[in-house]
Amino acid sequence: MFEHTDKSDLALTVIGSFLFWVDIYGIVCIFQRHRSPEWNCRTITAVHGFITASLSLTSSFILGPWPFYCIGKSSNALHDTVIIISVGYFLFDFAWCVYMKTEGPLMLAHHMISLFGLFIVLHQARYACEMSAVVGASEVTNPLLQLRWFLKETNSYSGMKAVLVDWIFLTLFIVFRIGIGTPFVFAILTSQDIDFVVKCGSAAFHVVNVM
């Protein structure tokens, strides 16, 4: 857990996570030379979304604890893993978006708020359980979002494939981002164990996520 980890070790872990995603992007670019840089970056985005959503949902619904019961409490190794994986990814993707100038203010704001929250968790050695749940709920729709983009790029976004992808995306969005995400953020805002800054960050992150 972060509270038992030296700050210098955490810094090295964050750098290592960032370099991991840079390396994965480089490997994807090698194996997909015929694809555009954006295609390859979106491949990384889909991989990150699948990994973090799987880990977060496994922690929340299978291993426990239920996120509503761990607000303000200590985290476990699985929560910490989601945080470390995500902070490196968001650093990579934010840098890529700024360098390639492919995203607008909304996506950049999403990444900045995400990084702010993740660094708060690392700095204070608290809220990993809550942040893990938030990341999982927001990333669970990401693979579908990227799949839709891939289908459009290959002129395959039509018929039942398009309908199926859209319905699965919409269902996951409503269930996790709105159905679970909204009451979870409300629970954070009304908790006596959460700092004011974290409450503000949670509210801002949720607003950006549902836009």
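Residues are numbered from 1 along each chain as its sequence is written, and side-chain values use heavy atoms, leaving out hydrogens and water. Because the model is predicted, local features need pLDDT of at least 70 and side-chain atom pairs count only at pLDDT 80 or more, while totals for chains, interfaces and linings use all residues.

Rolling a probe the size of a water molecule over the atoms shows where empty space is left. The structure holds one cavity of 30 Å³ or more. A cavity is a set of points, on a 1 Å grid over the protein atoms alone, where a 1.4 Å probe fits but cannot get out; lining residues have an atom within 4 Å of a point. The volume of the largest cavity is about 460 Å³. Its lining has 35 residues, and Glu130, Ala133, Val134, Phe184 and Phe205 are the closest to its centre. H8 supplies the largest share of this lining, eight residues. Helices here are DSSP runs (H or I, at least four residues), numbered from the N terminus.

The largest pocket holds about 600 Å³ of space. A pocket is an open set of grid points with protein on both sides within 12 Å along at least five of seven lines. Of its 30 lining residues, Glu103, Met107, Asn142, Leu145 and Gln146 are the closest to its centre. The largest share, six residues, comes from H6.

A nonpolar patch lies on the surface. Patches of this kind join nonpolar side chains (Val, Leu, Ile, Met, Phe, Trp, Tyr) within 5 Å, from residues with over 30% relative accessible area and no salt bridge. Its members are Met160, Val163, Trp167, Leu170, Ile174, Ile178 and Val210, with about 660 Å² of accessible area together. H7 gives the most, six residues.

Side chains of opposite charge can pair when their charged atoms come close. Three salt bridges are counted, each a side-chain nitrogen of Lys or Arg within 4 Å of a carboxyl oxygen of Asp or Glu. Glu38 pairs with Arg42 at 3.2 Å. Both lie in helix H2, four residues apart. Arg42 is buried at 17% relative accessible area, where buried means under 20%, exposed over 50% and partly exposed in between (1.4 Å probe, protein chains only). Asp195 and Arg126 pair at 3.9 Å. This pair links distant parts of the chain, 69 residues apart. Arg148 meets Asp166 at 3.3 Å. Arg148 is in helix H6 and Asp166 in helix H7, so this bridge ties together parts 18 residues apart in sequence.

Conventions: Grid points are joined across faces, edges and corners, and a volume is the space filled by probe spheres set on the points. Helices (H or I, at least four residues) and strands (E, at least two) are DSSP runs, numbered from the N terminus. Patches are made of residues with over 30% relative accessible area and no salt bridge: like charges are joined within 9 Å, nonpolar side chains (Val, Leu, Ile, Met, Phe, Trp, Tyr) within 5 Å. Accessible areas come from the Shrake-Rupley method with a 1.4 Å probe; for residues, only the protein chains shown count as cover.
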